[in-house]
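Please examine the sequence and the three-dimensional structure shown here before reading on. The paragraphs that follow lead from each chain to the place where the chains touch.

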Amino acid sequence: MADRITLQVARYRPEEESAVRFQEYEVPCPKEWVVLDGLNYVKDRLDGTLSYRWSCRMGICGSCGMTVNGEPKLTCATFLTDYAPGPVRVEPLQNFPVIRDLIVEIGDFMRKLATVKPWIIRKEHEEKPLSEGEYRQTPEQLEEYKQYSMCINCMLCYAACPIYGLDPKFIGPAAIALAQRYNLDGRDQGAPERLQILSEHEGIWGCTFVGECTKVCPKHVDPAGAIQRYKLDASVEWLKSFFMPRGA
Amino acid sequence: MSDRPLYTEYHPRWIRTRMSTYWWLQRRSYLAFILRELSSIFVGWFVVFLLLLIVALNQGESRYQEFLAWSGKPAVLALNIVSFFFIMYHAITWFNLAPKAMVMRVAGTRVPGFLIAGSNYLAWAMASALVGWLLLGE
């Protein structure tokens with residue numbers, strides 16, 4: 001196996017150039033090295049001007065998402081040897097504006113995330129006092145939403161979603177999966193509030209079930225499944241309100 | 001959310017790449033998805049064809065024979081053969097996707113996806129058998 005591999009890295013420096021260009025770097029390729037190690041090698045040894053985001057390098061922080069050979073990937077979990085003999089093309093996440101090199105602007109996602117109220121909501125006057133202790137859950141209740149709580153906001157699902165690429169108003173896979181994470185939490189009472197936001201056209205109904213979000217998710221959250229379940233719930237709610245307008 | 005101005009939203013220095021019109025050719029899964037969307041047209045056509053058949057049947061023997069002659073024309077036959085394959089594709093992908101939307105629990109444990117999809121296929125096979133028996137069983 002070759003002990004070195006070529007990285008073709010997308011470069012965009014707004015103060016110097018007006019378009020993306022590719023720069024090649026040759027980096028070592030030991031079997032334990034991931035793409036992020038290659039980028040760190042470039043930054044430390046070859047070219048300090050390269051900009052990219054990373055933090056934990058262990059699939060927890062969700063910062064290092066990039067496009068590797070056309071696929072959205074966490075670069076800390078993508079091994080260089082899997083692409084041998086190379087080259088490996090590293091680009092910023094698709095469907096997001098590029099600020100510089102491999103760094104994308106994530107404000108849109110952050111704003112959308114907040115709109116689905118991803119926190120536990122209790123009805124007014126139904127919050128029990130602290131002295132009564134915590135809200136306990138059974139393992140079954142935890143299991144109900146645990147999968148969706150694994151999301152690390154890495155935005156790979158947004159990069160893979162053609163709907164988001166075509167219609168940036170679409171609220172997107174991760175935000176809906178996180179809404180579902182709280183809807184399915186036994187301690188939460190905020191499902192009707194979230195449904196109002198998500199039953200709009202740019203919410204769940206914007207999704208046409210391409211399914212790529214689920215395929216690229218590094219944490220097996222299955223956002224596509226979450227959205228389809230949500231559609232089913234929303235339809236049932238609509239039927240209920242249609243046939244029983246005064247409530248069951 | 002605060003009322004801070006979103007002063008960076010249309011920052012002129014950002015690069016925004018437009019999605020290609022041919023994005024659906026860039027990945028196999030995108031193409032599979034677009035074909036699935038396209039299959040809806042053929043599903044619609046089969047519904048129209050069935051309605052035309054019922055209308056012809058309702059208008060008596062001669063109109064029914066005319067309809068049969070028309071549907072035997074090569075162009076109509078070709079359209080129906082293509083439609084048949086698209087409908088098969090639509091049905092199979094639909095059943096395979098069913099477990100994504102349906103989460104069922106029996107005695108606390110989640111029913112595995114293949115059983116949900118399998119029950120859909122079983123219902124399909126039974127409905128087909130019933131139709132087959134009605135048509136050929138006499």
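**Two chains in a predicted model**

Chain A contains nine helices and seven strands; helices (H or I, at least four residues) and strands (E, at least two) are DSSP runs, numbered from the N terminus. The structure is a predicted model, in which local features need pLDDT of at least 70 and side-chain atom pairs count only at pLDDT 80 or more, while totals for chains, interfaces and linings use all residues. Residues are numbered from 1 along each chain as its sequence is written, and chains are lettered from A and ligands numbered from 1 in the order in which they are written.

Along the principal axes, the C-alpha atoms of chain A fill a box of roughly 70 × 40 × 35 Å. Of its 248 residues, 41% are buried; a residue is buried if 20 or more other C-beta atoms lie within 10 Å of its own, exposed if 12 or fewer, and partly exposed in between, with C-beta atoms placed from the backbone. Among the contacts in chain A with a separation of 6 or more, 66% are made by residues 24 or more positions apart. Two residues are in contact if their C-beta atoms, placed from the backbone, lie within 7 Å.

Chain A has an open sheet of five strands in the order S2-S1-S5-S3-S4, with mixed pairing. Two strands pair if DSSP finds at least two bridges between them. Why is one side of strand S2 (21-28) and of strand S4 (71-74) of chain A left without a neighbour in the sheet? These strands stand at the edges and each has a single partner strand, so one side of each has no neighbour there. On average, neighbouring strands of this sheet are turned by 35° against each other, direction ignored.

Strand S3 (residues 65-68) of chain A runs antiparallel to S4(A), and four bridges join them. Met66(A), for example, has Lys73(A) as its bridge partner in S4(A). Helix H1 (residues 35-46) of chain A packs on the sheet and touches strand S1 (4-11), S2, S3 and strand S5 (88-91) of chain A. The direction of this helix makes about 95° with that of S2(A); axes are lines fitted to C-alpha atoms, for helices over the stretch in contact, and angles run from 0 to 180 degrees between N-to-C directions.

Chain B has four helices and two strands, which follow the pattern α-α-α-β-β-α along the sequence. Its C-alpha trace spans about 75 × 50 × 30 Å along the principal axes. Buried residues account for 4% of the 138 residues in chain B. The radius of gyration of chain B is 24 Å, whereas a compact globule of 138 residues would have one near 14 Å; the radius is taken over C-alpha atoms, and the globule rule is 2.2 Å times the number of residues to the power 0.38.

Within chain B, the axes of H3(B) and helix H4 (residues 113-136) come within 7 Å and cross at roughly 145°. Residues of H3(B), including Phe95(B), meet residues of H4(B), including Trp124(B). The residues of this contact comprise eight nonpolar, three polar and no charged; Ala, Val, Leu, Ile, Met, Phe, Trp, Tyr, Cys and Pro count as nonpolar, Asp, Glu, Lys and Arg as charged, and the others, Gly among them, as polar.

Where the chains meet, 18 residues of chain B are in contact with 23 residues of chain A. On the side of chain B that touches chain A, helix H1 (28-58) and helix H3 (74-101) of chain B each supply at least two residues. H1(B) gives the most to this side, with four residues.
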